[in-house]
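Open the model in your viewer and keep the sequence panel beside it. The tour below gives a selection at each stop and says what is found there.

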Amino acid sequence: MVTPKPASAQPPETTTTEPPGLTIGDLAERTGLAPATLRMWEARHGFPRPRRLASGHRRYDEQDVDLVRAVLRRRDSGVRLEVAIAAVALARATQPPGPPSIHATMRGLHPDLHPQRLKKSTLLAMSWAIEDECCARAERPMIFGAFQQERFYRAAQERWTELARVARSTMIFAGFPGPRPAAGSSPDERTTFVVLPEDAPMRREWAVVCDAAQYPAVLTAWELPGQSAVPDGQRLFEAIWTVDPTAVRDAARACAQVAQQLGHPEAAPLLYELAEAARPAPVETLQAASLLNRVVAYVDRQVS
């Protein structure tokens with residue numbers, strides 16, 4: 001007779017992994033709200049809307065951090081809480097799938113940034129100014145740029161090569177197949193090129209983002225349609241720009257999210273670094289930027 005082996009006294013080992021996403025404590029820490037406030041918002045307004053685990057615990061996405069911050073900005077500007085939540089929730093519901101538009105992201109998160117219609121020649125001058133400041137004075141910035149056509153990138157390639165030498169990271173969004181090195185040169189290994197698919201909103205956008213502690217700046221614009229017969233320098237764009245560190249950080253996050261969605265592994269560490277909230281700008285800086293906005297508008301009208 002065969003004696004059966006005794007059953008193991010110890011249950012088989014099981015491995016558990018932490019469910020993905022942010023806990024309510026994580027979301028509270030990242031937004032400055034108490035967990036009780038987030039629960040109250042959810043109960044009264046259905047926002048933010050978490051995923052529920054089998055255990056009943058809440059889990060949030062990175063996008064929820066941006067949405068809650070957008071509500072707080074609207075509320076702090078004097079909008080009633082329920083109106084702010086409704087506006088942000090509507091913007092999220094109508095956002096198209098796929099990689100986001102940087103310009104649309106900035107308009108949604110920062111409605112106080114008023115767009116201006118500017119000529120391409122004015123945008124070029126503003127872009128060069130931002131790039132020069134980043135290259136000369138910003139300490140190890142994260143820099144993002146968007147180029148619709150390869151010839152536009154070629155015209156700026158030398159400037160962006162220099163930017164890449166001083167930047168912590170440099171990322172270019174290209175509305176053309178991957179860049180080919182110019183004759184006698186090699187590809188710039190310091191720069192990450194993100195080739196945009198045909199349906200990407202950023203293919204029609206202009207963007208320069210410099211996320212740096214000392215000299216943050218963002219300029220983003222989209223070209224108005226129906227300008228095939230307009231001389232290149234006179235083409236009109238709807239543009240917004242700011243040196244507000246919070247808005248610049250949001251633009252940098254949006255750029256890194258586009259790269260992540262398109263499968264670039266370099267985006268993950270950038271998003272980790274960009275998760276921290278930027279230090280608010282002094283009121284005097286924002287007032288000066290408001291004045292310069294008017295100056296830019298007047299100069300653009302005078303330039304033929």
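This is a predicted model: local features need pLDDT of at least 70, side-chain atom pairs count only at pLDDT 80 or more; totals for chains, interfaces and linings use all residues.

Two strands count as paired if DSSP finds at least two bridges between them.

**Stop 1: strand E8.** Select residues 217–223, which make up strand E8.

Stop 2: A hairpin of 5 residues leads from E7 to E8.

Pick Val218 in E8 to see both pairings at one residue. Val209 stands opposite Val218 in E8, and Val218 in turn stands opposite Thr242 in E9.

**Stop 3: the whole sheet.** Strands of a sheet pair through backbone hydrogen bonds, either parallel or antiparallel. Show the 7 strands in the order E3-E9-E8-E7-E4-E5-E6; they form an open sheet with mixed pairing. Which strands stand at the edges? They are E3 (116–119) and E6 (191–195), each with a single partner strand, so one side of each has no neighbour in the sheet. On average, neighbouring strands of this sheet are turned by 20° against each other, direction ignored.

E3 and E9 run antiparallel and are joined by 4 bridges. Lys119 stands opposite Leu236 in E9.

**Stop 4: a helix on the sheet.** Select residues 245–261, helix H8, which packs on the sheet. H8 touches E4 (142–147), E5 (169–174), E6, E7, E8 and E9. The direction of H8 makes about 115° with that of E7.

Stop 5: Select residues 24–31 for helix H1 and residues 62–76 for helix H3. Their axes come within 10 Å and cross at roughly 45°, which makes H1 oblique to H3. The crossing of H1 with H3 is right-handed.

Show the side chains where H1 and H3 meet. On H1 these are Leu27, Arg30 and Thr31; on H3 they are Glu62, Asp64, Val65, Val68, Arg69 and Leu72. By class, this contact of H1 with H3 has 4 nonpolar, 1 polar and 4 charged residues.

Key
Residues are numbered from 1 along each chain as its sequence is written. Side-chain values use heavy atoms; hydrogens and water are left out. Buried means under 20% relative accessible area, exposed over 50%, partly exposed in between (1.4 Å probe, protein chains only). Helices (H or I, at least four residues) and strands (E, at least two) are DSSP runs, numbered from the N terminus. Axes are lines fitted to C-alpha atoms, for helices over the stretch in contact, and angles run from 0 to 180 degrees between N-to-C directions. Contact means heavy atoms within 4.5 Å. Angles under 35 degrees count as roughly parallel, over 145 as roughly antiparallel, 65 to 115 as roughly perpendicular and the rest as oblique. A crossing is left-handed if the near helix is turned anticlockwise from the far one by less than a right angle, and right-handed if clockwise. Ala, Val, Leu, Ile, Met, Phe, Trp, Tyr, Cys and Pro count as nonpolar, Asp, Glu, Lys and Arg as charged, and the others, Gly among them, as polar.
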